Amino acid sequence: MGRAFEFRKARKMKRWSAMSKAFTRIGKDIVMAVKEGGPDPDSNSRLRAVIQNAKSVNMPKDNIERAIKRASDKNQGDYKEVIFEGYAQHGIAVLIETATDNNTRTVANVRSYFNKTDGSLGTSGSVVFMFDHTCNFKIKADDIDLEELELELIDFGVEEIFEDTDEDADGNEETSIMIYAPFESFGSIQSYLEENNLEIISSGFERIPQVTKKLTPEQAKDVEKLIEKLEEDDDVQNVYHTMEESAE
């Protein structure tokens, strides 16, 4: 298996660990999607994808509809996507994706987290090149031939396709298929899956480190202090780093 498979295995239990934070993140995604393409998911592919993601983390339908309605209000402020880059202790590169309505606040907070954990906030472009910007889709596995699907999608730039297993709310195992491709392939793959009635469970974007660094347990704790502070911030959507992670 490739880097996307290993990355997914290590992160899937951590990504939406706090359900309330998941709802906050998706709420911001809805605002940005509606501001960009309008409130109708039929004509707004980005909003359609966010709604799929909301359903995948069991966000109530009423919450989704209220978020869309609020986002359509002219008085609703907008969020801007801002990336921060820097280094944690022990030479670990860190890339942070934020969605903020107050960049001054966000910059001050992010800088303080680096300072408090003996890290250093870098300049734009200082670490982003160490990560591959990818898109991904999680689809229902319903009697799909993986090799055949891979052949169908190869022209769209798909790099990895593999089966993934999660537990549902009742503790039963559910098998799905993960598709990883370059960031710019998102729209064409989304269209193909929808046109061929392949049910999309969720989709999104991730930054996969090209090379990771193994640390001792003590060193890893130093880096995790920074990651935890960042992930607790309401403006932070995602945190990526080059520390080797365990799937345990």
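Buried here means under 20% relative accessible area. All views show a predicted model.

**View 1. Helix α3, residues 45–56.** The helix has 12 residues. At 1.5 Å a residue it should span 16 Å, and its end C-alpha atoms lie 17 Å apart, so the two values agree. Its buried residues are Leu47, Arg48, Ala49, Val50, Ile51, Gln52, Asn53 and Ala54.

**View 2. The two ends of α3.** At the start of the helix, Asn44 places a side-chain oxygen within 3.2 Å of the backbone nitrogen of Arg46. Just after the helix, Asn58 adopts a positive phi of about 60°.

**View 3. Ser203 in strand β7.** The strand covers residues 200–209. Ser203 has 7% relative accessibility and therefore counts as buried. Sequence neighbours up to four places away are set aside in the contact list. Ser203 then touches Ala49, Gln52 and Asn53, along with Asn136, Phe137 and Phe186. Ala49, Gln52 and Asn53 are among the buried residues of α3.

**View 4. Thr98 in strand β2.** This strand runs over residues 93–100. Thr98 is buried, because its relative accessibility is 2% and the cut-off is under 20%. Its side chain reaches the backbone oxygen of Val82 at 2.8 Å.

Note on methods. Residues are numbered from 1 along each chain as its sequence is written. This is a predicted model: local features need pLDDT of at least 70, side-chain atom pairs count only at pLDDT 80 or more; totals for chains, interfaces and linings use all residues. Side-chain values use heavy atoms; hydrogens and water are left out. Helices (H or I, at least four residues) and strands (E, at least two) are DSSP runs, numbered from the N terminus. The expected span of a helix is 1.5 Å times one less than its number of residues. Buried means under 20% relative accessible area, exposed over 50%, partly exposed in between (1.4 Å probe, protein chains only). A polar contact is a pair of N or O atoms within 3.5 Å; within protein, one must be able to donate a hydrogen and the other to accept it, and residues adjacent in sequence count only if both atoms are side-chain atoms. Contact means heavy atoms within 4.5 Å.
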